[in-house]
Amino acid sequence: MEAAAAAYLGMGLCAAGFFGAAIGIANIFATTIETVGRQPNAEGRVAKYCWIGFALVEAVALYALVLAFILMGKA
Amino acid sequence: MEAAAAAYLGMGLCAAGFFGAAIGIANIFATTIETVGRQPNAEGRVAKYCWIGFALVEAVALYALVLAFILMGKA
Amino acid sequence: MEAAAAAYLGMGLCAAGFFGAAIGIANIFATTIETVGRQPNAEGRVAKYCWIGFALVEAVALYALVLAFILMGKA
């Protein structure tokens, strides 16, 4: 296998990180919806965890995206 | 393996990101359905988390789609 | 591996997106069934989330289908 071919394969494998990030972000928002629906006056307290949790999971997805673009530059 | 072949395989691997995004978007809407069914007056409060959560998970799916089209251009 | 062979393998990998979409759509409808069964008068309110959620998850499955047809054209 030549180097450019392996870099393209590696970019495809980076999409596996998006897989988990998508499930995780959805889980955070689903739990927020359920909690705000059950205790409406808790919205102010839980919303900050919702946004911080989203940002931290998104950061993991961006690690995979950065690696994919680094591989793109190597091909 | 030649470079074009690896790029085609990489496009297929990008579909793994769609896998997680589909489960995640469905999870958000399923929780919204359950919450709105249980507390009808909570619909206005939870709907915003439903749409924002959907958009953010869809964004992760679009990262994978962008990588797939970049690979298509390399093939 | 020659390019046509890799394109066929990539088309097969695109089915991974269908896997998640099938589970997700089923999750949305299962939750709708449970919610409507428990609160019959909530059907009008939750039905719109059911159809919108289905359409948005189906859209993710169609991304994978489009990628599969693009790969079919390359083989």
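Helices in this tour are DSSP runs of H or I with at least four residues, numbered from the N terminus. The model under view is predicted.

**Chain A: the annotated spans**

Begin by selecting residues 6–29 of chain A, where the span is 100% helix and 0% strand and its end C-alpha atoms lie 36 Å apart. Next select residues 49–72 of chain A, a span that is likewise 100% helix and 0% strand, with 35 Å between its end C-alpha atoms. An unreviewed UniProt entry annotates residues 6–29 and 49–72 of chain A as "transmembrane region". Now widen the selection to residues 9–71 of chain A, which UniProt, again in an unreviewed entry, labels "domain: V-ATPase proteolipid subunit C-like". Here the end C-alpha atoms lie 9 Å apart, and the span is 94% helix and 0% strand.

**Salt bridges between chains**

The structure holds 5 salt bridges over all chains. Select B:Lys48 and A:Glu43, whose side chains meet in one at 2.6 Å, N to O. This pair crosses from helix α2 of chain B to helix α2 (residues 43–74) of chain A. B:Lys48 is partly exposed, at 40% relative accessible area, whereas A:Glu43 is buried, at 16%.

Move on to C:Lys48 and B:Glu43, which also form a salt bridge, with an N to O distance of 2.6 Å. C:Lys48 belongs to helix α3 of chain C and B:Glu43 to helix α2 of chain B, so this pair joins two chains. C:Lys48 is partly exposed, with 40% relative accessible area; B:Glu43 counts as buried because its relative accessibility is 15%, below the 20% cut-off.

**A salt bridge within chain C**

Select C:Glu34 and C:Arg38, where the side chains meet in a salt bridge of 3.2 Å, N to O. The two residues are 4 apart in helix α2 (residues 15–38) of chain C, and therefore about one helical turn separates them. C:Glu34 is partly exposed at 44% relative accessibility, as is C:Arg38 at 46%.

Select B:Glu58 in helix α2 (residues 43–74) of chain B.

**A nonpolar patch on chain C**

Finish with C:Phe18, C:Leu62, C:Leu65, C:Phe69 and C:Met72, a nonpolar surface patch with about 440 Å² of accessible area together. Helix α3 (residues 43–74) of chain C supplies the largest share, 4 residues. C:Phe69 lies in that helix and is partly exposed, at 48% relative accessibility.

Note on methods:
Residues numbered from 1 in each chain as written. Chains lettered and ligands numbered in written order. Predicted model: local features only at pLDDT ≥ 70, side-chain atom pairs only at ≥ 80, totals over all residues. Heavy atoms only, no water. UniProt positions renumbered as here; feature names shortened; annotations may be inferred. Patch = residues over 30% accessible without salt bridge, like charges linked within 9 Å, V, L, I, M, F, W, Y side chains within 5 Å. Areas by Shrake-Rupley, 256 points an atom, 1.4 Å probe, with all protein chains shown as cover. Salt bridge = Lys/Arg side-chain N within 4 Å of Asp/Glu carboxyl O. Buried < 20%, exposed > 50% of the residue type's maximum accessible area, 1.4 Å probe, protein only.
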